[in-house]
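Thanks, everyone; I would like to take a few minutes to walk through one structure with you.

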Amino acid sequence: MKASVVRLSREQAKEVLGRLDSAIGSSKGRSTREQAVRLLNSAVPSYTWVGIYVVEGSDLVLDAWAGPAATEHTRIPIGQGVCGFAAKAAKTEIVSDVSKDPRYLQCFLSTKSEIVVPILSQGAVVGEIDIDGDQLDAFSSLDREFLEAVAKKASAQWA
Ligand code: SME
């Protein structure tokens, strides 16, 4: 029997957005971003690994992460990988099966799907949220909507 995918629910999305607001409010800095990735990773079971990359020149540099293991991809040139593609296109990318996406840069053997959401400030990409999932097809349009709302809040970090 095929195991069913456990995805984010609308109630959960609303609840986690509220928790992010009360935990983070208007505070800024790396420890705030670390708190945010920890909250996302622990509150949403399908978010196996959660990272924030920030733009530094023509690269994305890992700024904060939460999950079972560190990644070797701490600096990704814009344009490379799913991360670099999303940053270049300034658009959310959902990969339902990473083994079928030639752009994919592997971090963890367990990763089956990925979502990358750019963080924009004054129209420019300043960073992104990158989430790896251990299930195939772990991310839906609800994750996109939810994480784009999170990215909007995160852009205050650059205001
Ligand atoms: N898979 C990403 C690299 C970052 S790791 O997932 C943490 C990519 O293809 O860009």
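Let me begin with Asp59, which, leaving aside its neighbours within four places in sequence, is in contact with Val54, Arg75, Ile76, Pro77 and Ile78, where contact means heavy atoms within 4.5 Å. Before I go further, please keep in mind that this is a predicted model, in which local features need pLDDT of at least 70 and side-chain atom pairs count only at pLDDT 80 or more, while totals for chains, interfaces and linings use all residues. Residues are numbered from 1 along each chain as its sequence is written, and side-chain values use heavy atoms, with hydrogens and water left out.

Asp59 lies in strand 2, residues 59-66; helices (H or I, at least four residues) and strands (E, at least two) are DSSP runs, numbered from the N terminus. Is Asp59 buried or exposed? Asp59 has a relative accessible area of 15%, so it is buried, the term meaning under 20% relative accessible area, with exposed over 50% and partly exposed in between, for a 1.4 Å probe and protein chains only. The side chains of Asp59 and Arg75 are joined by a polar contact of 2.9 Å, that is, a pair of N or O atoms within 3.5 Å, where within protein one must be able to donate a hydrogen and the other to accept it, and residues adjacent in sequence count only if both atoms are side-chain atoms.

Now to helix 4, residues 141-154, whose buried residues are Leu142, Asp143, Phe146, Leu147, Val150, Ala151 and Ala154. Seen down the axis of helix 4, these buried residues fall within an arc of 165 degrees, so they line one face of the helix; the arc is that of the directions from the helix axis to the C-beta atoms. On the other side of helix 4, Ser141 and Lys152 are exposed. The cover over the buried residues of helix 4 includes helix 1 (10-24), helix 2 (30-43), strand 5 (113-121) and strand 6 (124-133). At the start of helix 4, a side-chain oxygen of Ser140 comes to within 3.1 Å of the backbone nitrogen of Leu142.

That brings me to helix 1, where Gln12, Ala13, Val16, Leu20 and Ile24 are buried. These residues cover an arc of only 100 degrees around the axis, which puts them on the same side of helix 1. Helix 2 and helix 4 are among the elements that cover them, whereas the face turned away carries the exposed residues Arg10, Glu11, Lys14 and Ser22.
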